[in-house]
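Visitor: Hi, could you walk me through this one? I'd like to ask things as they come up.
Guide: Happy to, ask away.

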Amino acid sequence: MISTYLPGTTILHRIGAGWKLIGLLATSMLLLPVGSPVVLAGALVLVLAVLASLGAGAATVLRSLKPLAAVVLFILLLHALFGTLDAGIVVALRLASLLLLATLITLTTRLDDMLDALTPVLRPAAFFGLSERRLALAIALSIRFTPMLIDVMHQLNEAYRARSGRNGHVRLVAPLCLHALNAADHIAEALAARGGADGCPPEGGAPKKDRSENDR
């Protein structure tokens with residue numbers, strides 16, 4: 001699930017986040033045992049058709065998925081070299097379908113809706129002294145900021161290539177980590193500004209400042 005929210009009024013936008021996640025889980029369970037390339041290719045075409053219904057933003061998303069396309073191609077080649085080409089095609093089609101479907105969910109789901117959908121699922125974590133809302137927030141932020149880091153990595157590599165004529169590879173790890181830490185600081189400050197301990201609003205209530213004012 002590696003794309004930012006794309007505003008719109010499509011049917012997918014109107015479906016609740018919880019139902020989308022359940023649909024993704026069900027589709028994953030249905031596609032995992034499938035070994036027919038024809039069926040998996042049909043599933044991929046169907047997902048692409050739904051993605052195309054989102055309009056012009058879909059093309060931008062497909063261009064941003066080039067790194068994942070390279071991973072899928074690498075898996076296909078790996079199976080072709082050390083296994084069978086048929087097995088590689090099956091795995092590549094299945095992985096591509098699920099990645100695009102997950103992308104569709106993040107494209108059409110707001111962060112707040114995703115957070116509300118994940119919170120009840122993580123409620124058992126309370127038995128271990130963990131806050132289900134903070135866990136849901138961490139997962140949602142990870143989903144949302146993955147495409148940002150991929151884009152930053154691409155920009156760093158382009159800048160390095162412009163200066164040296166070569167790809168950065170390992171040399172870009174340090175600046176990417178620094179950028180990620182800097183972004184994390186800004187996110188923490190933004191969350192803290194909304195009130196609540198550790199940058200997360202108190203569960204089931206208003207920030208402490210508001211409650212104290214109400215008590216007066």
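Visitor: Which helix is His13 found in?
Guide: His13 sits in helix H1, residues 11-14. Helices here are DSSP runs of H or I with at least four residues, strands are E runs of at least two, and both are numbered from the N terminus. This is a predicted model, where local features need pLDDT of at least 70, side-chain atom pairs count only at pLDDT 80 or more, and totals for chains, interfaces and linings use all residues. Residues are numbered from 1 along each chain as its sequence is written, and side-chain values use heavy atoms, with hydrogens and water left out.

Visitor: Is His13 buried or exposed?
Guide: His13 counts as buried because its relative accessibility is 15%. Buried means under 20% relative accessible area, exposed means over 50%, and partly exposed is in between, using a 1.4 Å probe and protein chains only.

Visitor: And what is His13 in contact with, leaving aside neighbours within four places in sequence?
Guide: The partners are Tyr5, Leu6, Pro7, Gly8, Lys20, Leu54, Leu107 and Thr108. Contact means heavy atoms within 4.5 Å.

Visitor: Leu107 is on that list. Where is Leu107 found?
Guide: Leu107 belongs to helix H6. With 2% relative accessibility, Leu107 counts as buried.

Visitor: How do the axes of H2 and H6 cross?
Guide: The axes of H2 (residues 17-31) and H6 (residues 85-107) come within 10 Å and cross at roughly 175°. Axes are lines fitted to C-alpha atoms, for helices over the stretch in contact, and angles run from 0 to 180 degrees between N-to-C directions. H2 and H6 are therefore roughly antiparallel to each other. For angles, under 35 degrees is roughly parallel, over 145 roughly antiparallel, 65 to 115 roughly perpendicular, and the rest oblique.

Visitor: Which residues make the contact?
Guide: H2 brings Lys20, Leu21, Leu24, Thr27, Ser28 and Leu31, while H6 brings Arg94, Ser97, Leu98, Leu101, Ala102 and Ile105. By type, the contact of H2 with H6 has 7 nonpolar, 3 polar and 2 charged residues. Here Ala, Val, Leu, Ile, Met, Phe, Trp, Tyr, Cys and Pro count as nonpolar, Asp, Glu, Lys and Arg as charged, and the others, Gly among them, as polar.

Visitor: Switching to pockets: what lines the second largest pocket?
Guide: The lining is Leu62, Leu65, Leu68, Ala69, Val72, Ala96, Leu99 and Leu100. These divide into 8 nonpolar, no polar and no charged. Helix H5 (66-82) and H6 each supply at least two lining residues. A pocket is an open set of points on a 1 Å grid over the protein atoms alone, where a 1.4 Å probe fits, with protein on both sides within 12 Å along at least five of seven lines; lining residues have an atom within 4 Å of a point.

Visitor: What volume does the second largest pocket have?
Guide: About 160 Å³. A volume is the space filled by probe spheres set on the points, which are joined across faces, edges and corners.

Visitor: Last one: how many helices and strands does the protein chain have?
Guide: The chain has 10 helices and 0 strands. Of its 216 residues, buried ones make up 30%. Among contacts between residues at least 6 apart in sequence, 64% join residues at least 24 apart.
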